[in-house]
Each structure stands twice: as C-alpha cells, then as structure tokens.
Amino acid sequence: AEAPSPSSSGPSAAPTDPTATPEGAVRAFFGAFAAARRTDDPTAIASLVTSTNSSAYLTVSGFLAGQKAVGTASVLTVNDITNLVVAQAGTQATVTFLHHQVGFDVHVDTGQPKESPTALPDVRVQVVVIKTGARWLVDSFENLP
C-alpha cells in the first residue's frame with residue numbers, strides 16, 4: 001500500500017490530530033510532559049489524558065510537584081521514542097517503547113542550569129491509551145523492568 005501524498009487535496013489534507021492514533025497520542029503526551037518539565041506545570045498534558053484523575057496525570061503532576069518543591073525544573077535536550085509497538089484491542093491499546101532522554105536540571109524560578117546535560121538511563125515504557133470519541137488519550141504509563 002502506498003502512503004498518501006502530502007500534496008493530496010480534500011479533507012485528508014487537513015492537519016491531523018496527533019491523538020487520532022495510539023502512537024500519535026503517546027508521542028504528543030511525552031512531548032507535552034517534556035515541555036511541562038520546564039515550568040513544573042502539568043497543564044500541558046491535561047488535554048492528552050483520559051482525566052485529571054487518571055494514573056498518567058497524577059504521576060506527571062506528582063513528579064512535577066516534587067521537582068517544584070525543591071526549586072528544580074528540567075530541560076530535555078533529547079526526548080527520543082524508538083522501538084514503538086502498539087497492541088490494540090478495541091478502544092484500548094498498549095504502547096511500548098524505548099525512551100531515551102538527555103537533559104539537565106534548572107532552577108525553577110530563574111531557568112539557570114544546575115548541572116551539565118546528562119543522559120538518563122534508557123527505559124522501556126508501557127503506556128495504556130483509551131479511545132474516547134475520535135481521540136486516543138493516555139490513561140497510565142509505567143517503566144518496565
């Protein structure tokens with residue numbers, strides 16, 4: 001099967017919502033999480049999760065609150081998602097991938113670096129996404145052993 005041409009006309013030429021697929025939802029969520037780390041504000045992920053009571057939202061919110069409590073935020077210079085596999089069953093999908101992150105901590109108020117960029121250990125991540133209407137939303141995620 002051929003991939004659609006980007007120059008096609010009609011409704012398919014409209015920008016696609018990243019949450020239209022499980023993979024897109026996961027990439028959008030982890031991109032927003034990376035951005036939220038700069039300010040310790042979980043608002044950026046709120047529209048990408050099933051609810052603000054979801055495990056995914058509470059995990060990110062708790063992590064960011066902990067960072068903020070010690071005056072730290074962080075900047076990711078690399079946020080690579082590779083070896084992504086989607087296992088879909090109806091309106092639920094499990095997405096696993098290898099997450100490679102490089103970044104550094106900064107002072108939450110000034111943005112001044114506290115350290116040099118450091119590569120975090122690569123982790124395998126498993127994410128559960130739920131289809132809600134036309135969108136896939138992140139419900140939970142965990143690092144795998």
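Here's a question to start: is Asp-17 buried, partly exposed or exposed? Asp-17 is partly exposed, with a relative accessible area of 36%. Keep in mind that this is a predicted model.

Asp-17 has a partner. It forms a salt bridge with Arg-135. The closest N and O atoms are 3.4 Å apart. Arg-135 is partly exposed too, at 29% relative accessible area. Now look at where the two sit. Asp-17 is in the segment before α1, and Arg-135 is in strand β5, so the pair ties together parts that are 118 residues apart in sequence.

By the rule used here, the count comes to two salt bridges. The other one joins the side chains of Glu-23 and Arg-27, at 2.8 Å from N to O. Both residues lie in helix α1. They are four residues apart, about one turn of the helix. Here is the general point: an α-helix has 3.6 residues a turn, so residues three or four places apart point the same way. Glu-23 counts as partly exposed at 33%, and Arg-27 counts as partly exposed at 38%.

Let's step back to the whole chain. How many helices and strands does the chain have? Two helices and five strands. Read along the sequence, the pattern is α-α-β-β-β-β-β. Of the 145 residues in the chain, 33% are buried. Next, take contacts between residues at least 6 apart in sequence. Of those, 58% join residues at least 24 apart.

Now the inside. In soluble globular proteins, nonpolar side chains tend to be buried together. The largest nonpolar core here has 25 residues. Phe-29, Phe-30, Ile-45, Phe-97, Val-127, Val-129 and Phe-141 have the most contacts inside it. Which elements give two or more residues to this core? They are α1, α2, β2, β4 and β5. The most come from α1, with eight residues.

Pick out Ile-45 on your screen. Leave aside its neighbours within four places in sequence. Ile-45 is then in contact with Phe-29, Ala-32, Phe-33, Ala-56, Tyr-57 and Val-60.

Some of those names come back in α2. The buried residues in this helix are Ala-56, Tyr-57, Val-60, Leu-64 and Gln-67. Seen down the axis of α2, the buried residues fall within an arc of 100 degrees, so they line one face of the helix. They pack against α1, β1, β2 and β5. We can check the helix length as well. At 1.5 Å a residue, the 15 residues of α2 should span 21 Å. The end C-alpha atoms are 21 Å apart, which agrees. Just after α2 comes Gly-71, with a positive phi of about 75 degrees.

On to the strands. Nine bridges join β4 to β5, and the two run antiparallel. β4 and β5 form a hairpin, with two residues between them. Gly-133 is in that turn, and its phi is positive, about 65 degrees. Is Gly-133 buried or exposed? Gly-133 counts as exposed, at 65% relative accessibility. Gly-133 and Ala-20 are 113 residues apart along the chain, yet their C-alpha atoms are separated by 9.7 Å.

One more strand residue: Gln-101, in β2. At 13% relative accessibility, Gln-101 counts as buried, because the cut-off is under 20%. Again leave aside neighbours within four places. Gln-101 is then in contact with Arg-37, Leu-76, Val-78, Asn-79, Thr-118, Ala-119 and Leu-120.

Last topic: phi again. Most residues other than glycine have a negative phi. What is the phi of Asp-40? It is positive, about 60 degrees, although Asp-40 is not a glycine. Asp-40 sits in the loop between α1 and α2. It is buried, with a relative accessible area of 5%. Asn-83 also has a positive phi, near 50 degrees. Asn-83 lies in strand β1. Asn-83 counts as exposed, at 55% relative accessibility.

Over to you for comments.

Methods. Residues numbered from 1 in each chain as written. Predicted model: local features only at pLDDT ≥ 70, side-chain atom pairs only at ≥ 80, totals over all residues. Heavy atoms only, no water. Core = buried A, V, L, I, M, F, W, Y, C linked by side-chain atoms within 4.5 Å. Buried < 20%, exposed > 50% of the residue type's maximum accessible area, 1.4 Å probe, protein only. Contact = heavy atoms within 4.5 Å. Salt bridge = Lys/Arg side-chain N within 4 Å of Asp/Glu carboxyl O. Pairing = 2+ DSSP bridges. Expected span 1.5 Å × (residues − 1). Arc of directions from axis to C-beta.
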